[in-house]
Amino acid sequence: MDPLDSSISLGAASEAAAAKEDVESPDASLPWARFSAWLECVCVVTFDLELGQAIELVYPLDAKLTEKEKTSICYLAFPDSYSGCLGDTQFSFRLRHSVGRGNRGTWYEDGDLYNRDAPVPLQKEQSHLYGYVYFRQVKDGSVKRGYFQKSLVLVSRLPFPQLFRALLQVVAPEYFEKQEPCLEAVCNEIDQWPAPAPGHVLTLPVMGVVIQVRIPSSDDKPGDSPVTPGPKENLLPAPIILPSPHEQDLFQCFQSMLIHVQMLWELMLLGEPIVVMAPSPTMCSETVLALVSSISPLKYCCDFRPYFTIHDSEFKEYTTRTQAPPNVILGVTNPFFIKTFQFWPHIIRLGDVKMAGDLPKQVKVKKLAKLKSLDTKPGIYTAYKTFLHKDKMLIKRLLKGIQKKRPCEVQSALLRRHLLELTQSFIIPLERYLASLMPLQRSISPWKTPPQIRPFSQEEFISTLEHAGPQLTSVLKGDWLGLYRRFFRSHNFDGWYRLRLREMTHKVESLHLEVTCDADLLAWTREKSEVEIVDLILKLREKLLRARKQQLGVGEQLLERLEGSIHTVINSLPNDLQALLHRH
C-alpha cells in the first residue's frame, strides 16, 4: 500500500486562519456550491397506488442519482408495514455509492478541506451516502388508501444525524403543508450557508429559524465536553442550539442493555456481524449509530446499515448461507429477518422498554438456538464470551442515576466517558508501540531517500504489554492479550493501521522536507554533474507539490524558502538548461 496515493489527508492540520479561509469560502460561482458542501440532494418519496413507493421529486432538479440509488432510497424512506408508524417518524439509513454515479462533489470539491480537519469517524466517505428521513403517515379521506404517506429525505455524505434531524423538524412539517415552492426556498437558503468547518461554531438560518452547532475538529482532545455554542448577537427568535451534530443519546439507546455494555463494546471493536431487530426504524437506526460510536475515537471500519429492508440491493449478499456472514451491522424491523438471520452469530432483539420498578428491565443473553419463532422475546442472542470482566461500578452508578432521576444527558455523558476511557486504554499501548517504529530524526538526511518505517510485528507488540499494557490506565481485569490477538484479525485493526501508517509516512516526509530546507543545496551541487542537479530539482519540485497538496504540516514560509533555494540552483546552471527548467 502506498500511503501517499490517498486523496484523504490525515496529516497535521494547517494553520487555523488558512483553514478557516479555505473551508468557509466555497466558490459561489459554481452551481449549488454551498448546498453541495452539506447535501447531495433532497428527495420526496410518496406512495403511488400503481407503483408503490416512488420518488416524487429530487431537488436540485439536476441532481444525479442512479436508478439503483433511487430504488434504494424509495424502499429505505418508508418504515416497514410491521412498524405501524402513525404520525411523524424520523430515522436514518446508509446506502452504498453506485459505480458510475455522477458525483455532486465535482460541483464543489470541498471533501479534502473538510476531511483534513475533521475527526476520522466524522470524515466524508466516497463509498457511501447517508439518508435522513422524516416520514408522515396520517389519515386522509381524500386519498384512496385512506392515508397520507410521504417522506422527506436529506441525502448527504456527512454523518450528522442530530443536525439533520433538527433541520428536518423545522423543514418537513412546513413542506407537507406548502409543497414544492417551500422546498426550493429551503434549498436556496442552505446554498447560502457557510461550508461545514471543523472547529467552528456555525450559524445556519432556515425558514426564519437559526440552528447553531459546532462541528468537531481533529484538534479536539478526546473526552473534553462538547463545546456548546452560546447564542450569538441576541438572535430572535432564540436559535436552536445543538450540543453536537452527531452524538446519539447513548443512555436512551442502551438503557435495556446497560449490564451488557462491555460485551457490545467488544463486539464493535472486533467488527463482528450483528443484527439489531427493533420495533421501529427510529429505534434500530439510533441503536446502530450508537453502537458504531461506542468505540470512538477509533473509526468503525466495517459496513453498517442503520436501517435495512428485504428490498435492499445487498439483501442476497448478506443473507447467503454459502459463506460466513459479512462483517456488517444491520438495523431491521421486519420480523421476517428473524428466520433469515438466525445463522448470524450475534442478534440483538429489542422491544419497547419495560420498567421493573424504577429501573428499565434488562435484556438477557440467550442461546441462538432459541431464536426461531416470530414472537421472539427481547434479548442478546449470542454464544460470545467476553474477554474482559464487566465494570460493576459503572452499572451501579447508572442504575443509581435512574433511581435518582438523573437527567439522560448526564447518564449519557457517564456512559460515553466510560467507553472512551475503555477504547483509549486499549489503543494507547498500540500507539506507544507505533511510535517506536518511527525512524530516528538524526537518521533523516536531505541527500538520501527518507528512511523506512519499521513493519508492525504482532509478537513484538504483545511482548510490550507486560510493562506497558492497558493495566496502566484501566482497572478492568480479563484477557486483554486474547482481545488484542482477536483485534488483529479484524477490519478495524486493518483500517486503523492503514490510517496511522499514512500519518506516520506524512510525518517522515515533512521531517525530510524540513531537513532539506535547512540544507545548503548550492554547495552540494558544486561537485555534481548537470544530470544529477536536474534530477534533484525535479525531485524537489515534486516534493513541494506533494507537500502543498497533502498538507504535510510544513509551514508555508519553509516551503517558500525551499522554492527560493531551487531557483538559486537553477540560476547556477547554463542558460539553455535554465530556460528549459523555468518553462517546466
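**Notes on the predicted model**

1. Lys354, Lys361, Lys364, Lys367, Lys370, Lys377 and Lys385 together make up a positive surface patch. Bear in mind that this is a predicted model.

2. Now the overall picture. The chain has 584 residues, and 52% of them count as buried. Its secondary structure amounts to 20 helices and 16 strands. On contacts: taking pairs of residues at least 6 apart in sequence, 73% of the contacts join residues at least 24 apart.

3. Salt bridges next. The structure holds 24 of them. A network of salt bridges links Arg94, Arg96, Glu125, Asp303, Arg305, Asp312, Glu314 and Glu317. Within that list, have a look at Arg305 and Asp312, whose side chains meet in a salt bridge at 3.9 Å, N to O. Arg305 is buried, because its relative accessibility is 0%. Asp312 is buried too, with 9% relative accessibility.

4. Another pair to check is Arg214 and Asp220, with a salt bridge of 2.8 Å between side-chain N and O. The two partners fall into separate accessibility classes: Arg214 is buried at a relative accessible area of 15%, whereas Asp220 comes out as partly exposed at 30%.

5. Glu247 and Arg416 also form a salt bridge, and here the closest N and O atoms are 3.7 Å apart. Glu247 is in the loop between strand 8 (240–242) and helix 7 (250–254), while Arg416 belongs to helix 13 (residues 408–436), so this bridge ties together parts that are 169 residues apart in sequence. Glu247 is partly exposed, with a relative accessible area of 28%. Arg416 is partly exposed as well, at 23%.

6. Thr89 is worth a click. You'll find Thr89 in strand 3 (residues 87–96). With a relative accessibility of 8%, Thr89 counts as buried, because the cut-off for buried is under 20%. Leaving aside residues up to four places away in sequence, Thr89 touches Val133, Tyr134, Phe135, Pro281 and Thr282.

7. Phe336 is in helix 11, which covers residues 336–340. Is this phenylalanine, Phe336, buried, partly exposed or exposed? At 42% relative accessibility, Phe336 is partly exposed, since that class runs between the 20% and 50% limits. Beyond residues up to four places away in sequence, Phe336 touches Ile310 and Phe315. Phe336 and Ile310 are 26 residues apart along the chain, and their C-alpha atoms are separated by 8.7 Å.

8. Last, Ser510, which lies in helix 16 (residues 491–518). Ser510 is buried, with a relative accessible area of 4%. How far apart in space are the C-alpha atoms of Ser510 and Val554? The separation is 6.1 Å, for two residues that are 44 apart in sequence.

Methods:
Residues are numbered from 1 along each chain as its sequence is written. This is a predicted model: local features need pLDDT of at least 70, side-chain atom pairs count only at pLDDT 80 or more; totals for chains, interfaces and linings use all residues. Side-chain values use heavy atoms; hydrogens and water are left out. Patches are made of residues with over 30% relative accessible area and no salt bridge: like charges are joined within 9 Å, nonpolar side chains (Val, Leu, Ile, Met, Phe, Trp, Tyr) within 5 Å. Accessible areas come from the Shrake-Rupley method with a 1.4 Å probe; for residues, only the protein chains shown count as cover. A salt bridge is a side-chain nitrogen of Lys or Arg within 4 Å of a carboxyl oxygen of Asp or Glu. Lys and Arg count as positive and Asp and Glu as negative; His and the chain ends are not counted. The place of a charge is taken as NZ of Lys, CZ of Arg, CG of Asp or CD of Glu. Helices (H or I, at least four residues) and strands (E, at least two) are DSSP runs, numbered from the N terminus. Buried means under 20% relative accessible area, exposed over 50%, partly exposed in between (1.4 Å probe, protein chains only). Contact means heavy atoms within 4.5 Å.
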